[in-house]
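This report describes a protein chain, starting with one of its sheets and then turning to the chain as a whole.

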Amino acid sequence: MKNALVWICRILVGLLFIFSGLIKANDPLGFSYKLVEYFEVFHITFLDSLAVGIAIILCALEMIMGFALLIGARARTTVWGLLLLIIFFAFLTFYSAFFKVVQTCGCFGDAIPLTPWESFGKDLVLLLLTLVLFFNPDKIKPLFGRKPGDVALAIATVLALGVGFYTYNFLPVIDFLPYKIGANLPDEMKVPPGARPDEYELTYNLKNKATGETKTMTDKEYMKTGIWKDNNWEVQGNPESRLVKKGFTPKIVDLNITDMQGNDYTQEIISNPFYNLIIVAYDLNHTNDEALQKLNTIALNLTENYNVRSVLLTSNSAQDVLALEKRYKLYTEVFFADGVPLKSMVRANPGVLLLKNGNVINKWHYHTMPTYDELVKVYFQE
């Protein structure tokens with residue numbers, strides 16, 4: 001029975017670690033954004049510049065240790081590593097849930113979004129399974145000899161790191177974001193007729209001016225009892241809001257594109273019935289200048305020869321944009337948006353989206369951006 005329990009835990013923990021690592025390695029840049037949030041919470045922002053590297057290594061560790069557990073290679077070292085990893089993740093998810101700081105932990109990337117408490121519950125279950133293995137390392141029998149096992153681990157290490165480096169440089173293999181190829185952006189922003197919004201409960205803190213008595217009651221109780229009619233009772237401070245029932249939330253809720261004067265151009269740009277070339281450089285201070293210049297030239301040629309509207313979206317200030325225009329002439333229109341949706345549009349800085357009638361026709365990392373001639377051949381030749 002104990003051998004069977006160890007095997008069950010071994011398979012479940014191994015597969016879950018591989019799955020978790022692989023999902024995050026599919027989008028290491030997105031995972032690094034989550035790490036930066038944690039760095040800010042714990043006041044270790046000096047690690048921000050290392051976030052991508054740390055993200056790739058953490059994803060690789062999950063996959064390597066999960067694989068090592070499945071094949072039974074170096075069992076004692078593996079279960080120690082797994083235990084330390086799951087304790088670390090459980091601490092982060094508990095801290096997020098209890099103190100309400102990072103509200104999506106990124107455990108399974110954008111593929112399976114979990115609340116902090118859901119993530120913490122998952123980590124507790126995983127911790128229990130890992131403890132079974134930790135106290136029974138002798139029952140984790142290797143599938144291969146020592147040397148073949150080490151060779152398999154070395155190959156797994158190269159592959160695990162390779163996945164993260166590849167997706168960082170060439171976009172996620174599977175795009176789970178709302179701006180994926182084939183998505184219709186106006187539709188992703190709509191609330192369908194009859195859809196229920198989020199339902200919240202308000203809690204009031206009341207004090208009686210005559211007696212000094214205090215009460216706490218929900219908004220329903222507040223209205224039902226009619227206490228609001230009694231002038232002796234007054235609300236103390238701001239009411240506390242609590243989400244009671246989750247309603248329908250559009251996939252895109254935070255996209256607001258404006259010009260330098262603050263005029264809203266969101267719908268005009270994303271609903272354009274013709275081709276739009278959208279260059280996304282959410283941070284001009286850390287963008288790839290050489291790539292941006294090449295994209296600027298492509299945009300000029302497409303605009304002149306095929307009347308394609310070319311737009312540069314950034315979260316930088318107008319002063320940063322003016323400084324950029326001084327370095328080299330921009331042929332694109334420049335608009336502004338918050339950095340969060342821009343980071344979701346394309347995992348690159350700069351990255352490119354080709355839109356038509358609100359649909360994402362294609363998107364590219366600047367490493368994989370086709371040439372002008374290739375774009376014309378595929379999309380603009382009659």
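## The sheet and its helix

In this predicted model, five strands form an open sheet of mixed pairing, in the order β7-β6-β5-β8-β9. The edge positions belong to β7 (333-336) and β9 (359-365); each has a single partner strand, so one side of each is left without a neighbour in the sheet. From one strand to the next, the twist averages 25 degrees.

Within this sheet, β5 (residues 275-280) pairs with β6 (residues 309-314) over 5 bridges, in the parallel sense. At this pairing, I278 is placed opposite V311 in β6. Helix α13 (residues 372-380) packs on the sheet and touches β5, β8 (351-356) and β9. The direction of α13 makes about 160 degrees with that of β9.

## The chain as a whole

The protein chain has 13 helices and 9 strands. Of the contacts between residues at least 6 apart in sequence, 71% join residues at least 24 apart. The table lists values for the protein chain.

| Property | Value |
|---|---|
| Span of the C-alpha trace along its principal axes | about 80 × 75 × 40 Å |
| Buried share of the 382 residues | 46% |

As for charge, the protein chain carries 35 positive and 37 negative side chains. The centres of these two sets lie 10 Å apart.

Key
Residues numbered from 1 in each chain as written. Predicted model: local features only at pLDDT ≥ 70, side-chain atom pairs only at ≥ 80, totals over all residues. Heavy atoms only, no water. Helix = DSSP H or I, 4+ residues; strand = E, 2+ residues; numbered from the N terminus. Buried < 20%, exposed > 50% of the residue type's maximum accessible area, 1.4 Å probe, protein only. Contact = heavy atoms within 4.5 Å. Lys, Arg positive; Asp, Glu negative; His and termini not counted. Charge placed at Lys NZ, Arg CZ, Asp CG, Glu CD. Pairing = 2+ DSSP bridges. Axes fitted to C-alpha atoms, helices over the stretch in contact; angles between N-to-C directions.
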